[in-house]
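I opened this model today to look up a few points of its fold. My notes follow in the order I made them.

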Amino acid sequence: MRLVIARCSVDYVGRLKAHLPLATRLLLVKADGSVLVHSDGGSYKPLNWMSPPATLRVSSPEDVDLELGVVEQWTVQSAKTDDRLIINIHEKLSESSHDLGVDPGLIKDGVEADLQRLLAEQIETLGEGYSLIRREYFTAIGPVDILARDSGGGTVAIELKRRGDIDGVEQLTRYLELLNRDPLLAPVRGIFAAQQIKPQAKVLANDRGIDCVTLDYDAMRGVDDSESRLF
């Protein structure tokens, strides 16, 4: 991972256009090809970014940009679209590179781990005719919680959370994008399953063609007999 703190301006050019005027920012270049632009605020979200696959080209600025004080220009080109992230660097204040190695991935808490095990054992909870392919299906960007087949033989990727929010939908979206490149699995659709799912997450999931399922944890582990309840 490469970390550069620099005075820079940033332009996103493509289907959408966006401009960040000159300011001091953190430029983060990851080994997977992604480039993110951060400010000292706004929590974890970057101001702008280019997702992988992408290529970074560093070049000398044109004469016009030189006169404006640009000393180096980064062009981050998406491999799948014509979108580009153009970063004009006026001054580098700090630069470092670090090899982070292979990340073991997120270790789920007890409830999420139990939900995964129980849903794998009770895969018919998702619908009649569902069958389990495997738990923790490995991909290059992390393991999919459950991979299954529906009654029509289609592949289904299932992401499990205790509390479902937008980040979980984004995570499943990335998995689906990768899985659908595999001709042996495609087409792959997604199910976002959780004990509670926030309304914003449901809206985003619906927009991306992802089904949402609310799981009754107590009923799945046999603690609560939902059929004998009055309400």
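**Entry 1: a glutamate in a helix**

I began with Glu-112, which, leaving aside its neighbours within four places in sequence, is in contact with Leu-160, Lys-161 and Arg-162. I note here that the model is a predicted one. Glu-112 is found in helix H2. Is Glu-112 buried or exposed? Its relative accessibility is 12%, so I list Glu-112 as buried; the cut-off for that word is under 20%.

**Entry 2: the sheet**

Next I traced an open sheet of five strands, in the order E8-E9-E10-E11-E12, with mixed pairing. Its edge strands are E8 (131-137) and E12, each of which pairs on one side only. On average, neighbouring strands in this sheet are turned by 30 degrees against each other, direction ignored.

I then went through the pairings. E9 and E10 run antiparallel and are joined by four bridges; Ile-146 has Ile-158 in E10 as its bridge partner. E10 and E11 run parallel, with nine bridges between them, and I found Ala-157 opposite Gly-190 in E11. Between these two strands the chain passes through helix H3 (residues 166-179), and this β-α-β crossover is right-handed.

E11 also pairs with E12 (residues 211-214), in the parallel sense, over four bridges. There, Ala-194 has Thr-214 of E12 as its bridge partner. Which hand does the unit made of E11, helix H4 and E12 have? I recorded this β-α-β unit as right-handed, with H4 covering residues 199-207. I also checked how covered E11 is: seven of its 10 residues are buried.

**Entry 3: two helices packed together**

I looked at H3 against H4 and found an angle of about 25 degrees, with the axes 8 Å apart. H3 therefore counts as roughly parallel to H4, a term used for angles under 35 degrees. On the H3 side the contact is made by Ile-166, Val-169 and Glu-170, and on the H4 side by Gln-200, Ala-201, Leu-204 and Ala-205.

**Entry 4: the nonpolar core**

How many residues does the largest nonpolar core have? I noted 18, and those with the most contacts inside it are Leu-119, Leu-126, Ile-146, Ile-158 and Leu-215. The elements giving two or more residues to this core are helix H2 (110-121), strands E9 (144-149), E10 (155-164) and E11 (188-197), and helix H5 (217-220). H2 supplies the largest share, four residues.

I followed up Leu-215. Not counting residues up to four places away in sequence, Leu-215 touches Leu-115, Leu-119, Thr-125, Leu-160, Ala-193, Ala-194, Gln-195 and Met-220.

As background, most residues other than glycine have a negative phi, and most peptide bonds are trans. I searched for exceptions. Pro-52 and Pro-53 are joined by a cis peptide bond, with omega about 0 degrees; Pro-53 lies in the loop between strand E4 (48-50) and strand E5 (54-59). Another cis bond runs from Ala-186 to Pro-187, with omega near -5 degrees. I placed Pro-187 in the loop between H3 and E11.

Glu-136 is not a glycine, yet has a positive phi of about 50 degrees. I located Glu-136 in strand E8.

How values were computed: Residues are numbered from 1 along each chain as its sequence is written. This is a predicted model: local features need pLDDT of at least 70, side-chain atom pairs count only at pLDDT 80 or more; totals for chains, interfaces and linings use all residues. Side-chain values use heavy atoms; hydrogens and water are left out. A nonpolar core is a set of buried Ala, Val, Leu, Ile, Met, Phe, Trp, Tyr and Cys residues joined through side-chain atoms within 4.5 Å. Buried means under 20% relative accessible area, exposed over 50%, partly exposed in between (1.4 Å probe, protein chains only). Contact means heavy atoms within 4.5 Å. Two strands pair if DSSP finds at least two bridges between them. A crossover is right-handed if, with the strands pointing away from the viewer, the path from the first strand over the helix to the second runs clockwise. Axes are lines fitted to C-alpha atoms, for helices over the stretch in contact, and angles run from 0 to 180 degrees between N-to-C directions. Angles under 35 degrees count as roughly parallel, over 145 as roughly antiparallel, 65 to 115 as roughly perpendicular and the rest as oblique.
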